Amino acid sequence: MIRDITLGQYYPEYSIIHKLDPRLKIVAILFYIASLFVVKDFCGYLLVMLALGIFISLSKVPLRFILRGLKPIMIIIMFTFLLNMFMTSGEILWQWKFLKITQEGIYNAVFMALRLVFLILGSSMLTLTTKPIKLTDGIESLLKPFKKMGLPTHELAMMMTIALRFIPTLLEETDKIMKAQMARGADFETGSIFRRAKAMVPILVPLFVGAFRIAQDLAMAMEARCYRGGEGRTKLNALKFKRKDAVAALIMAVYFALAILDRVFLEGLDAVLVHLVIK
Amino acid sequence: MSITVEQLTHVYNSGLAYETKALDEVSFSVESGEFVAIIGHTGSGKSTLIQHLNGILKPTSGTIRIGETEITDKKTKMVDVRKRVGLVFQYPEYQLFEETVQEDVAFGPKNLGLEKDEIDARVRRSLSLVGLDYEQFAQRSPFELSGGQKRRVAIAGVIAMEPELLILDEPTAGLDPGSHLEVLDMVTSIRERTGCTVILVSHNMNDVAQMADRIFIMDSGRIVRSGPPREVFKERDYLKSIGLGLPQAAEVAAVLEEAGMPAAGVLVSSQELVTYLTAQLGGAATQGEAER
């Protein structure tokens, strides 16, 4: 039940996307997110959709699996959609008391909802195709310039690795404890919000105790293997920027350039199109 | 309380790349008051199977009947099922959460909506069933007890619901030999004193050989053998092929038989082995003397 959460999950597969340098992937995703805010019309979205489509099909991660990640944030998307639809002023198409739907409202609602969907799909692709360890390696490497400013990059990356590593462990632990308490007649599904919150106590207490226990074991195991921070530490699998990474970077640059061109030259095209469709 | 399971199938991650069939058309029945042990190597489906018996997992297909109630029926209330079927998970001490032992054991009965006096009586009864002194332990924090004691408190928490069917998933995992025996004795005495049906999941052939009326052997989601210990432990080679072994006494006897000693049949306890060896060695000694 609790394992449906795909955000931050890794999907093991052998694909070109999986093999790319994590540093490149992180930067590329940042540019991708920026591009979502650069484009301002549906022509731009066609570009985004095309890029995302190619990215997903190259990664070989099943689309159904990726779409499952949208489920938990469906409420936020719906909320954004409705808010935009009813709250935008403009040419009124339908009205009932204080509720009114405008032409601009529908346009904005669809636009914003799509932006959220693209945002989630794109960023979940990063974790789906990159092992947590590689991801933190990449972040550590990208943060290197800040090390001179006194930022403990290695420690930050290690903390992140451990946090990511613990997500599945804690989910499993939660699942086990929930089952054990259900076996003792605990009920998490019915009753008022207050009652349900109170029903969480039998889960949270053992979970915290368990988390401390696991953390202590891990600290001991790390110390037993002489871990003492990042000073002078080398990597077993050092990150290498290869030719395919250069190619991918080039593609990404072209994509971003197209997004900017779209913004500069095609802005306002949508308004014309919408006008034509309605008239 | 009798249990009938028919064609039970459970598929994890249905429709995904890593879909696995944890249970494959499992059918069996357990008589009221019987002591059944389930053995099988890791990942054979034991834990999945028992979690179906009190409705924590829902089957992909198949039916389960506990007594007269069909628990796979959607109309069945789960609280009623959990009242009658007590499930002790692996490492149950990790489920403890209350400030005192007394309150933790009372958690189950409270969820059943019992009166305060009844809850209190049940806490006393179940603590005594697991061999903990009420006066000494009731007001202590469960987190300051020893490993073995924590486990007893956790088991008491399930027994306090007074189930007619008690299921234990490897109740002795991670315990030292002393506590191991104590927990097993405790299971035996709970069964004697309450008359409940018991299902014990275990890795330990010695324990199940001596305690169980019947043994179910599981392999890749199916029950591949079932019967009284002396019967299922006849098939030494087959058990080895699915990653299991014989009880120590039976194994020693089998090795001796291979070395040319007369067959001993399936021995389930060290006591039986001693009797057999004494007879054999006594015989050999007499023979030797006769030759001289």
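Reader: Which residue of E9(B) stands opposite B:Ile39?
Author: B:Ile217 does. This is a predicted model, where local features need pLDDT of at least 70, side-chain atom pairs count only at pLDDT 80 or more, and totals for chains, interfaces and linings use all residues. Residues are numbered from 1 along each chain as its sequence is written, while chains are lettered from A and ligands numbered from 1 in the order in which they are written.

Reader: What makes E3 and E9 of chain B a pair?
Author: Strands (DSSP runs of E, at least two residues; helices are runs of H or I, at least four, and both are numbered from the N terminus) pair if DSSP finds at least two bridges between them. E3 (35–39) and E9 (214–219) of chain B run parallel and have 4 bridges, so they pair.

Reader: Why are E6 and E10 of chain B called edge strands?
Author: In the open sheet, the order is E6-E7-E8-E3-E9-E10 (chain B). E6 (85–88) and E10 (222–227) each have a single partner strand, so one side of each lacks a neighbour in the sheet.

Reader: What span should helix H7 of chain A have?
Author: The rule is 1.5 Å times one less than the number of residues. For the 12 residues of H7 (132–143) of chain A that gives 16 Å, and the end C-alpha atoms are 16 Å apart, which agrees.
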